[in-house]
Amino acid sequence: MTDKEMHISIIGAGSWGTALAAVLGQKHQSVILWVRSSVLCNQIQSTRENNNYLPGCKLPPTVAVTNNFAEAASGAELIILTTPSHAVRQTAAQLAPFVASKTVIVSAAKGLELASVKRMSEVIAEEIPAAAGQIAALSGPNHAEEVALNQPTATVVAAKSRKVAEYIQDAFMLPSFRVYTNPDIIGVELAGALKNIIALGAGIADGLGFGDNARSALMTRGLAEITRLGMAMGANPLTFAGLAGIGDLIATCTSVHSRNRRAGLQLAAGKTVAEIQAGTSMVVEGIRATMIAHQLAAKYHVEMPITGQIYAVLYDGKSPKNAVLELMTRSRTHEVEEVALNNLIWN
């Protein structure tokens with residue numbers, strides 16, 4: 001099968017789904033973007049632009065737009081799920097009747113399921129068992145606003161099967177969009193979900209007027225606790241030093257495009273979670289991810305002090321200033337004790 005013959009379906013027309021449609025439509029002749037809202041679907045069809053989520057991004061003529069599931073998914077060799085994490089299970093269940101046994105499915109949602117605390121690839125496999133061996137995760141420092149402008153971007157695709165990962169790599173690779181493969185789907189998915197928690201903290205730090213020192217420390221120690229949890233859950237620690245880990249963490253903690261950092265700024269200004277969620281049409285994944293990570297830390301007996309303080313701000317009414325104070329006055333510890341290097345240092 002050549003690239004031009006590949007039929008690609010993108011399920012979800014938020015900013016990320018729209019950006020991927022614009023990019024893949026430059027390379028492939030048959031791309032379908034599924035839009036949940038019939039009103040938005042009609043608007044995109046008539047203007048070739050998603051004014052709700054990614055204004056200014058014109059879709060190429062190779063991209064068809066529909067809100068009919070059967071039309072979008074039937075016969076697709078590659079299906080990309082870009083819906084928010086809380087909608088992935090329901091969406092996958094709707095997709096199941098149209099998925100062939102050879103269909104490759106890519107999860108592009110950066111989150112975990114609240115009810116089950118499962119990763120997105122696990123959720124998809126449960127709802128579409130026929131495709132269980134053909135599921136991958138796409139993650140990395142990929143702001144939709146920059147991808148849509150064809151600005152240089154690197155990403156990582158993770159799958160248990162090397163063949164599946166390289167198939168997706170070939171499908172996505174463009175001069176402005178470079179794709180790396182990784183066999184560690186656990187680490188890639190956890191990194192993509194958990195970095196949103198640290199981005200909330202970065203927004204809080206910025207909102208409180210702290211400087212580069214505080215932000216750098218927060219990101220570094222945040223990555224340390226994400227890595228601890230990832231290793232406890234079976235991930236490769238090297239994944240967290242790559243695009244899905246430190247790469248995405250830097251982008252999400254520092255960018256003006258980051259909705260999680262923006263939510264942190266609002267928390268520092270005194271807004272409640274309800275007020276933040278009511279003020280945006282987009283999902284702030286870090287709010288839900290904090291609750292899930294709090295549960296996982298307890299389940300796997302992993303220390304996650306930053307996550308714990310952000311949880312207290314979000315769900316216990318703790319003031320951001322007090323949360324920072326508690327982090328700074330914790331009992332003294334060693335930076336590298338988590339990776340069992342103390343004996344190498346002190347002996």
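pLDDT is the predictor's confidence in each residue, from 0 to 100. This is a predicted model, in which local features need pLDDT of at least 70 and side-chain atom pairs count only at pLDDT 80 or more, while totals for chains, interfaces and linings use all residues. Residues are numbered from 1 along each chain as its sequence is written, and side-chain values use heavy atoms, with hydrogens and water left out.

**View 1. Confidence along the chain.** The protein chain has a mean pLDDT of 93, and 96% of its residues reach 70 or more. Over residues 341–347 the pLDDT is below 50. Beyond near neighbours in sequence, this stretch has 6 contacts in the model, a contact being heavy atoms within 4.5 Å. Where pLDDT is low, the predicted coordinates should not be read in detail.

**View 2. The open sheet of 8 strands.** Helices (H or I, at least four residues) and strands (E, at least two) are DSSP runs, numbered from the N terminus. Two strands pair if DSSP finds at least two bridges between them. The strand order is β5-β2-β1-β6-β7-β8-β9-β10, and the pairing is mixed. β5 (63–66) and β10 (177–182) stand at the edges with a single partner strand each, so one side of each has no neighbour in the sheet. On average, neighbouring strands are turned by 25 degrees against each other, direction ignored. β9 and β10 run parallel and are joined by 6 bridges. Ala154 stands opposite Arg178 in β10.

**View 3. Strand β1 and its partner β2.** β1 (residues 7–11) and β2 (residues 30–34) pair in the parallel sense over 5 bridges. Leu33 in β2 is the bridge partner of Ile10. In a regular strand the side chains alternate between the two faces of the sheet. In β1, His7, Ser9 and Ile11 lie on one side and Ile8 and Ile10 on the other, and all are buried. Buried means under 20% relative accessible area, exposed over 50%, and partly exposed in between (1.4 Å probe, protein chains only).

**View 4. Helix α1.** This helix spans residues 15–24 and is mostly covered, with 10 of its 10 residues buried. Among them are Trp16, Leu20 and Leu24.

**View 5. The largest nonpolar core.** A nonpolar core is a set of buried Ala, Val, Leu, Ile, Met, Phe, Trp, Tyr and Cys residues joined through side-chain atoms within 4.5 Å. The largest one has 46 residues, and those with the most contacts inside it include Leu112, Leu194, Cys253 and Leu314. Elements that give two or more residues to this core include β9 (153–159), α8 (185–207), α13 (285–300) and α14 (305–315). The largest share, 12 residues, comes from α8. Leaving aside neighbours within four places in sequence, Leu314 is in contact with Leu200, Leu267, Val273, Ile287 and Thr290. A second, separate core of 42 residues includes Val31, Leu40, Leu78 and Leu174.

View 6. α4 (residues 88–95) and α5 (residues 120–127) pack at an angle of about 35 degrees, with their axes 8 Å apart. Axes are lines fitted to C-alpha atoms, for helices over the stretch in contact, and angles run from 0 to 180 degrees between N-to-C directions. Val88, Arg89, Ala92 and Ala93 in α4 meet residues of α5 that include Met120 and Val123. Ser85 lies in the loop between β6 (78–81) and α4. Ser85 counts as buried, at 2% relative accessibility. Leaving aside neighbours within four places in sequence, Ser85 is in contact with Ala109, Gly111, Leu112, Met120 and Glu285.
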